[in-house]
Protein chains: 2
Amino acid sequence: MNKDRCLKPATDEECKKAWLALQDTLDVIGGKWKLVLIAILRGGKLKFRELSREAEISPRILSKELKDLEINGLVTRTVLNTRPISVEYELTPYSQTLSEMIVSMHEWGKQHRQRFKEQ
Amino acid sequence: MNKDRCLKPATDEECKKAWLALQDTLDVIGGKWKLVLIAILRGGKLKFRELSREAEISPRILSKELKDLEINGLVTRTVLNTRPISVEYELTPYSQTLSEMIVSMHEWGKQHRQRFKEQ
DNA sequence: CAGGATCCCAACCGATACTG
DNA sequence: CAGTATCGGTTGGGATCCTG
C-alpha cells in the first residue's frame, strides 16, 4: 500500500506505520472477548471465577484473554493471601485511554444498526 | 451483563444494546482484511484483480470480504460491459461515516505502540 | 479457587485449479 | 478477468478434567 491510498497525505513510510497502528488496535481490543471483559471490569475489580461467570467464558479462554490484556497494560492481576488463593483482576488507569475509541465504535455501531437492521 | 457494568449509567436494556452495537462494529470492520480493503479503496475505485494484487489477498478471501462490505453498504460493485467482463469496486459515501472511528483507532494504536514497543 | 492440559470442533485463511 | 471449488493448514474457542 502506498501513500496515495492513505488516510491523509503522507509519505509511504508514514502510511505504512498508520496502518500498522490500526492493526495493533484490532489486535489489542479485537476478537470475541476483549471488549466484553473490559466492559465488565469497568464495574470494578473481580476475581477470576466471578469474571468467568459474569462473562460466561470458559477458564481456558479467560486465562488467555486476561494475559493478553495484562501484557498490553490494560489489566492488573493481584494474587490475594487467602486460602485457597484468589486472584483479582482490575482495569488500569491506562485502560481509560480506550474510552474515546470505544465511544466512537459504539456510536458507529448504533447508527449502523439503525440503518440496516430492524429498528 | 447488567447496567452497573455499562459504559454510562443506563438501564439493563440500554446497556445490552450498547454492547451489541460494539459487537456489530467489530463484525463490520474487524478481522484481517476489512480495514485494509477500505484503506486501499480510499485511493479510488479498483477492479477485482487490481485489488487482489494491491492487498496481496487471494481471490477466494477477497470475494468474501467484498461481499461482506457490500452487504454493509460500504462498497459498491459495478459490472462493466467489457470483454472479458470486469468489475469495479468503490467506496460508498456511507463509508465516510467510518472516518471518525478509524481516526480514533489509529490514534490509539499509535500511542499504544509508542508506549509499548520500540519507539 | 486459579488456571493449565487435553481433546475436539468450527471458523478462518492461503494456494491452486478451474469455469463462464 | 471475475469468481467459485477444493483442499489443507492454522487459529480460536468450548468442555472437561486435573493439580497446586
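Two strands count as paired if DSSP finds at least two bridges between them, and strands themselves are DSSP runs (E, at least two residues), while helices are runs of H or I with at least four residues, all numbered from the N terminus. This is a predicted model, so to speak: local features need pLDDT of at least 70, side-chain atom pairs count only at pLDDT 80 or more, and totals for chains, interfaces and linings use all residues. Residues are numbered from 1 along each chain as written, chains are lettered from A and ligands numbered from 1 in written order, and side-chain values use heavy atoms, leaving out hydrogens and water.

**Exercise 1. Work out the strand order of the sheet in chain B and find its edges.**

Step 1: Start with a pair. β1(B) and β3 of chain B (residues 86-91) pair in the antiparallel sense over two bridges.

Step 2: The open sheet has three strands in the order β1-β3-β2 (chain B), with antiparallel pairing.

Step 3: Read off the edges. β1 (46-47) and β2 (75-80) of chain B each have a single partner strand, so one side of each is left without a neighbour in the sheet.

**Exercise 2. Trace the pairings of β3 in chain A, and say how enclosed the strand is.**

Step 1: Take β1 (residues 46-47) of chain A. Two bridges join β1 to β3(A), and the two run antiparallel. Here A:Leu46 stands opposite A:Tyr89.

Step 2: Take β2 (residues 75-80) of chain A. Six bridges join β2 to β3(A), again antiparallel, and A:Arg77 has A:Tyr89 as its bridge partner. A hairpin links β2(A) to β3(A) through five residues.

Step 3: Check burial (buried means under 20% relative accessible area, exposed over 50%, partly exposed in between, with a 1.4 Å probe and protein chains only). Five of the six residues of β3(A), residues 86-91, are buried, so the strand is largely enclosed by the rest of the structure.

Step 4: Carry on past the strand. A:Ser95 sits in the loop between β3 and α5 (99-116) of chain A, and at 4% relative accessibility A:Ser95 counts as buried.

**Exercise 3. Describe the protein surface near DNA strand D.**

Step 1: Count the residues that are near (a heavy atom within 4 Å). There are 18 around DNA strand D, and the closest are A:Arg60, B:Arg49, B:Ser63, B:Arg77 and B:Tyr89.

Step 2: Sort them by type. Eight are nonpolar, two polar and eight charged. Nonpolar covers Ala, Val, Leu, Ile, Met, Phe, Trp, Tyr, Cys and Pro; charged covers Asp, Glu, Lys and Arg; the others, Gly among them, are polar.

Step 3: Assign them to elements. α4(B) gives the largest share, four residues.

Step 4: See what they face. Of the atoms of DNA strand D within 4 Å of the protein, 59% belong to sugar or phosphate and the rest to bases.

Step 5: Pick out individual distances. A polar side-chain atom of B:Arg77 lies 2.4 Å from a phosphate oxygen of DNA strand D. For A:Lys32, a side-chain N or O atom is 2.8 Å from a phosphate oxygen. The side chain of A:Arg60 instead has an N or O atom 2.6 Å from a base nitrogen.

Methods:
Polar contact = N/O pair within 3.5 Å; in protein donor to acceptor, adjacent residues only side chain to side chain.
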